[in-house]
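Thanks for coming, everyone. Let me put the model up, and then we'll walk through a few places in it.

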Amino acid sequence: MTQSPTVVERFITVSLDKRGVSCTAKLLRDRAPITCDAIWDALPLGGDVYHAKYARNEIYALVEPFAPQEPPLENPTITPIPGDLCYFTFSDTQLSTASYGYEQDAKHRGRTTVVDLALFYERNNLLINGDAGWVPGIVWGTITEGLDRMADACQDLWRAGALGETLSFRRA
């Protein structure tokens, strides 16, 4: 009997930089190896933070594509749970509707492909979009430490606003 190779655990730090709040996440390399490898190789990543309007308890950053080829839909979900880190790919036209609330000079405008790196911090999320329907995401990481502090900061971001705040992902 042959044993499968051991997957080396990798951890990252996810931060709301202006608020000075961070948490630690484990990459789910056994479930989303292509996505995890692409993210790991591209770190550090980040950008302006947004709070979800439709998915509920989600914050995210829109970044330029970084993978040599967009990952397949591995380890998909439409019902992320607290602590899930998800990867989405959108076209610029999918994110150009005025109802999404992106300012005209948002950094993702004009890009053919936009990558959305998201953190879900509370329960009862459903990835459905009124314009497009179901929006499955790739679950590529899970928060292992500091989710409570990050959730509090995400609630503050929801109430106080996201302007001037960035969401960053870097190797732990």
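A word on naming before we start: helices (H or I, at least four residues) and strands (E, at least two) are DSSP runs, numbered from the N terminus. This is a predicted model, where local features need pLDDT of at least 70 and side-chain atom pairs count only at pLDDT 80 or more, while totals for chains, interfaces and linings use all residues. Residues are numbered from 1 along each chain as its sequence is written, and side-chain values use heavy atoms, with hydrogens and water left out.

Let's begin with L126. Its place is in the loop between β7 (113-120) and β8 (128-129). L126 has 36% relative accessibility, so it counts as partly exposed.

Next, T89. You'll find T89 in strand β6, residues 84-91. T89 is also partly exposed, because its relative accessibility is 36%. Which residues does T89 touch, beyond neighbours within four places in sequence? They are E70, Q94, T113 and V114; contact here means heavy atoms within 4.5 Å. Take T113: it sits 24 residues from T89 in sequence, yet the C-alpha atoms are 6.9 Å apart in space.

Now K18. K18 is in the loop between β1 (11-16) and β2 (21-27). Its relative accessible area is 61%, so K18 is exposed. Leaving out neighbours within four places in sequence, K18 contacts L163, G164 and E165. How far apart are K18 and E165? In sequence, 147 residues; in space, 5.5 Å, C-alpha to C-alpha.

Now to the inside. A nonpolar core is a set of buried Ala, Val, Leu, Ile, Met, Phe, Trp, Tyr and Cys residues joined through side-chain atoms within 4.5 Å. The largest one has 36 residues, and I12 and W140 touch the most other members. Helix α2, residues 147-160, gives this core its largest share, 5 residues. A second, separate core has 15 residues, including L62, F90, V114 and A118.

Back to I12 to finish. Setting aside residues up to four places away in sequence, what does I12 touch? Among its contacts are C23, W40, L85, W140 and F169.

Methods
Buried means under 20% relative accessible area, exposed over 50%, partly exposed in between (1.4 Å probe, protein chains only).
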